[in-house]
Amino acid sequence: TGLSIQKCDLMIPENNKSHHTEEISTERLIVRRGQPFTITVSFSAPVHNYLQQMKRTFLIVHTGSHHYQADEIQTEFPISSLGDQKQWSAAVQEQDPNFWTLCVNTPANAPIGQYILLLRASKPPQLLGSFTLLFNPWCRDDEVFLANEAQRQEYILNQDGIIYQGTENAVLAQPWDFSQFEEDMVDICLTLLALGEHFQREQDPAQRKSPVHVCRAVAAMLNCSEFRSLTECEPGQHHDGIPPSKWLGSSPILRQWIASKFQPVRYGRCWVFAAVLCSVLRCLGIPTRVVTGFTWAHNTKSSLSVDEYYDEDGTLLTQDRSARVWTFHVWNECWMARTDLLPEYSGWQALDATCQEKNKGPSFCGPAPVHAIKEGDTQVDYDVCYFFAAINAKCHVWIHKADDTLKPAFGGTKYTGNNISTKSVGSERCEDITHNYKHPEGSLQEKKVLDKAYRNMKELETTSSSTAQFISIPTAVEEPVNLFIHLQSNSSLQLGQDITLSIEVFNHSGGEKATHLVVGIQALHYNGVPIAQLWKEEFHFNLQSNSVNNLQVSVPYTWFGKELGENHLLRLTAVLRDEDSFYMYLAQEEISICDPPLTIEFPENMVQYEPSTAKISLQNPLMEPLEQCVIAVTGRGLIYRHRNYRLGSVQAKSTQELQVPFTPTQAGPRRLTARLTCLQLQNLKSYRTTNIAAA
């Protein structure tokens, strides 16, 4: 007779702890591939002839739900006394007549997802239980293996993120809660993956072996099909949803998507797509980080040239072109071996879930080996050419004259792909990783790489008309060296501060010059779309030969403070016209207006389960009261879900304090995040991390 099973203990606490999944669940078995797990099977009648029974006993695993479907993967394997580390196998570790303890091995390239585990010693097989299998960065044979433990802690296990915004000279750190291990997140992530596969028409479960496949399916689902889970909006146009800058973390977005039966969540921008993608991939076991690049050429369709257009007063024009220079852009990097490519392309892969206009293929980009982007290997999969163009394109500036003609603006050329940054491992510092993407500016290697990229793209152009094309950089118009303009200002200002501008105009020519100068300030969305011209002033002066004219201009806050836009970015421009030759010169600077301080203070020596109080102070730097102030407070292990505190008005030039009582439920480093909204300011965020001693 066959074995009759009384019960099966999946030993969930012990297994999940050794597989680094205990934060996901202590109620269900979640294991990582390529690493054994242990179960105990108890029998309803004693088993005496153990070896004979063992030879007739098999384990069965199959993907999917309780009933095996034809399109699922099923594997049957014997129980032996040894087991095989490299494939599905089971070995008896301990046995007596009433129970067996089995050690189950999973292959390091098994498809991830939900599995059912059965024991067959007689007909029909008996259900032992179900488990979830994830990628395993701790396993040397897994494609996502990451050798450094501190990096695994950061890129898989850390739920507290920082996303960088602002400008390259004034980087702003914004907190984000990845919440990849919150209850039900693993199921939501697997649902997202399954729907992504469905819409990509790639529904073979065996493809889930590959981290490349999983990255592409999840990125497609986030933004790039009609069934996407997040909707993009034009900046400022989010009255029928939540503004992108209001979100504090990924789980509310993903939960809303599930609760609404897969309706797109409104709204996201690039940093929201990247943050949610990071949460999903970390949850599934792929080491992932969020990366910000400043001065990013978007939608160039892989051309190495992008144009900006201004009118004669220095006002940025949209020209209704989708290709434009963004102040910053946020994407992801995932760590994996690229078994489909040469070995040097393994390591960090760039993945961008924000919609791109492409000549063919899906509208997300990647995974693209960062090494291939750096070396200009633009033919490598996937989409290396788009990343390469976005961070290497030259931006040429044109003046759109009143008579509808275009004139080049000298001195206005901008270079893209600056200060590429990510949160550093194990700390809240910003790490500059530009050197991973680019050789030093002006170096011989940089020139070689640009030349190689042109050659690659020229070949592709001739072999295939549908392939993305690099339009070579147009030869710059010879710049006359007669006049030179230099514009200087603080790269960041506190809210309420006036702007001080310094403009220097140099005349290097041999004769006197009659000049016309227009200085202006414009509010800008982060994606290069102008909001409004806030101020401008004109100057006429004659410049003596080989002389300098120095202007100092102060612009009061009241002239520009009302129309800052949600990203608080200003573009300063100075357009100089040589009245004799009609040559135009342009200088530009970007300023980030910093929000007033929202400071968080903790008492010293806080202990788990002991009541405590945090103090949040809001300083109003303006000459008017901040009206209808609400502070939302959140912090995993410190506060349940989140709380709202209504402060009413905070008087001009005053500080208001808020006491937040809480009882920490979890020990270790814990972050408290506060978000202020009021009539004058939207979604000002602050965060502070503290260490909670274990009880």
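In the predicted model, W271 counts as buried because its relative accessibility is 4%, the limit for buried being under 20% relative accessible area with a 1.4 Å probe and protein chains only. Residues are numbered from 1 along each chain as its sequence is written, and side-chain values rest on heavy atoms, with hydrogens and water left out. As the model is predicted, local features require pLDDT of at least 70 and side-chain atom pairs count only at pLDDT 80 or more, whereas totals for chains, interfaces and linings use all residues.

Helices (H or I, at least four residues) and strands (E, at least two) are DSSP runs numbered from the N terminus.

F328 is buried at 1% relative accessibility. F328 also forms a stacked pair with Y526, with 4.8 Å centre to centre and 25 degrees between the planes. This second pair links distant parts of the chain, since Y526 is placed in the loop between β28 (513-524) and β29 (530-543), 198 residues apart from F328 in strand β17. Y526 is likewise buried, its relative accessible area being 1%. Elsewhere, ring pairs join F37, F77, W88, Y115 and F131 into a cluster.

Charged groups also sit over rings, a contact that requires NZ of Lys or CZ of Arg within 6 Å of the ring centre and within 35 degrees of the ring normal. The charged end of R289 lies over the ring of W348 at 4.0 Å from its centre, and that of R671 over the ring of Y687 at 4.8 Å.

The largest pocket has a volume of about 1,200 Å³. A pocket is an open set of points on a 1 Å grid over the protein atoms alone, with protein on both sides within 12 Å along at least five of seven lines, and lining residues have an atom within 4 Å of a point. Of the 41 lining residues, D177, E182, S251, R255 and R641 are the closest to the centre of this pocket. Helix α6 gives the most to the lining, with three residues. By class, the lining comprises 12 nonpolar, 15 polar and 14 charged residues.

Notes. On a 1 Å grid over the protein atoms alone, a cavity is a set of points where a 1.4 Å probe fits but cannot get out, and a pocket is an open set with protein on both sides within 12 Å along at least five of seven lines; lining residues have an atom within 4 Å of a point. Grid points are joined across faces, edges and corners, and a volume is the space filled by probe spheres set on the points. Ala, Val, Leu, Ile, Met, Phe, Trp, Tyr, Cys and Pro count as nonpolar, Asp, Glu, Lys and Arg as charged, and the others, Gly among them, as polar. Buried means under 20% relative accessible area, exposed over 50%, partly exposed in between (1.4 Å probe, protein chains only). Rings of Phe, Tyr and Trp (its six-membered ring) pair if their centres lie within 6.5 Å; planes under 30 degrees apart count as stacked, over 60 as edge-to-face and the rest as tilted.
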